[in-house]
Amino acid sequence: MEGRFWTLVFVIFAAAALAACAVAPAYQLWFPGSGEALSTIGARIDHLFYVILVVIAVVFVGVNVALGYVLWRGAKQPSEVKAVYSHGNQTLEVVWTVIPGVILLALALYQMDVWASFRMREFYPQDMRTIAEVTARQFEWRIRYAAPDKTLEADPHPDDVYTVNDLRVPVNRPVAISLRTEDVQHAFFVPELRIKQDALPGKRIPVWFEVTRPGTYDLVCAELCGWGHYKMKGRLVALSEEDYAAWLKQAFEDQFDDGVGEGEKSD
Ligand SMILES: [Cu+2]
């Protein structure tokens with residue numbers, strides 16, 4: 001009786017896990033927002049997630065079914081039958097070491113291209129525009145843009161445009177930010193884009209992404225950075241190329257507005 005109970009526990013556990021995997025995408029339980037990655041690299045990262053999920057699901061269900069089967073068989077055995085003690089099976093041990101090894105190696109090779117695209121290869125195209133310098137500090141994001149029609153330099157320029165907790169980028173083109181921190185470690189995280197990068201003291205780290213849909217997305221800190229970590233929240237606003245240019249121009253004019261109307265200025 002007891003053996004059958006445990007068989008049921010393991011089989012139901014496996015079935016419930018499978019059912020959860022099947023319905024999760026429909027209820028957007030896996031990923032934030034609409035469930036869809038809104039950057040080109042994010043879509044590739046999600047694909048990796050699903051590949052790994054399938055591997056895990058097969059192994060998990062296999063293990064539970066095997067466990068259930070053994071318990072069931074044991075429960076059916078008459079109690080006079082003596083137990084057999086085994087001191088291991090070398091062939092079996094080699095098999096269950098080699099197979100996971102091969103699976104892990106295959107996954108490592110399979111994900112290399114995505115990793116290289118995100119971390120290395122695509123930093124170098126010359127047409128990649130560094131749109132802003134993002135400086136994390138306890139507890140906010142300070143963002144610096146070049147003035148309209150200027151390029152962003154590593155050192156601040158008097159014409160630069162500043163915002164706090166409000167990062168704006170054009171959609172449908174790769175853009176980069178230059179990530180820094182003024183104090184401790186923080187992490188730049190935009191869940192809907194699947195973009196996450198630690199900010200390290202003393203380092204300037206380029207982070208690139210291409211947003212595929214205009215909208216406003218959460219920008220949060222994903223590294224416990226002090227008592228105010230919870231409120232270190234900004235937003236990333238993805239705009240069409242024209243809207244972005246118009247916004248930057250407006251922000252530039254507002255920032256340098258001396259309060260004197262155009263008509264009243266004497267020259
Ligand atoms: Cu932080």
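**Entry 1: N64**

I began with N64, which lies in helix α2 (residues 40–76); helices here are DSSP runs of H or I with at least four residues, strands are runs of E with at least two, and both are numbered from the N terminus. I noted that the model is predicted, so local features need pLDDT of at least 70 and side-chain atom pairs count only at pLDDT 80 or more, while totals for chains, interfaces and linings use all residues. Residues are numbered from 1 along each chain as its sequence is written, and side-chain values use heavy atoms, without hydrogens and water.

Leaving aside residues up to four places away in sequence, N64 touches F10, F13 and A14, where contact means heavy atoms within 4.5 Å.

**Entry 2: the copper ion**

I listed the protein donors of the copper ion: H186 (ND1), C221 (SG), C225 (SG) and M232 (SD), at 2.0 to 2.5 Å from it. Donors are N, O and S atoms within 2.8 Å of the metal (3.2 Å for Na, K and Ca), and since water is not among the atoms, sites may look incomplete. The angles between the four donor atoms run from 92 to 123 degrees, so the arrangement is tetrahedral; four donors count as such if all angles lie between 85 and 135 degrees. Along the chain the donors follow the spacing H-x34-C-x3-C-x6-M. C221 is in strand β9 (residues 215–221) and M232 in the loop between β9 and β10 (233–239). I found C221 buried at 8% relative accessibility and M232 buried at 1%.

**Entry 3: helix α4**

I checked which residues of α4 are buried, and found Y244, W247, L248 and A251. Seen down the helix axis, the buried residues fall within an arc of 100 degrees, so they line one face of α4; the arc is that of the directions from the axis to the C-beta atoms. Among the elements covering them are β1 (129–137), β2 (140–145) and β10.

**Entry 4: backbone notes**

I noted a cis peptide bond between Q138 and F139, with omega about 0 degrees. F139 lies in the loop between β1 and β2. R194, in the loop between β6 (186–190) and β7 (195–199), has a positive phi near 65 degrees and is not a glycine. R194 is buried, with a relative accessible area of 11%.

Conventions. Tetrahedral: all angles 85-135°; square planar, octahedral: opposite > 155°, others 65-115°. Buried < 20%, exposed > 50% of the residue type's maximum accessible area, 1.4 Å probe, protein only.
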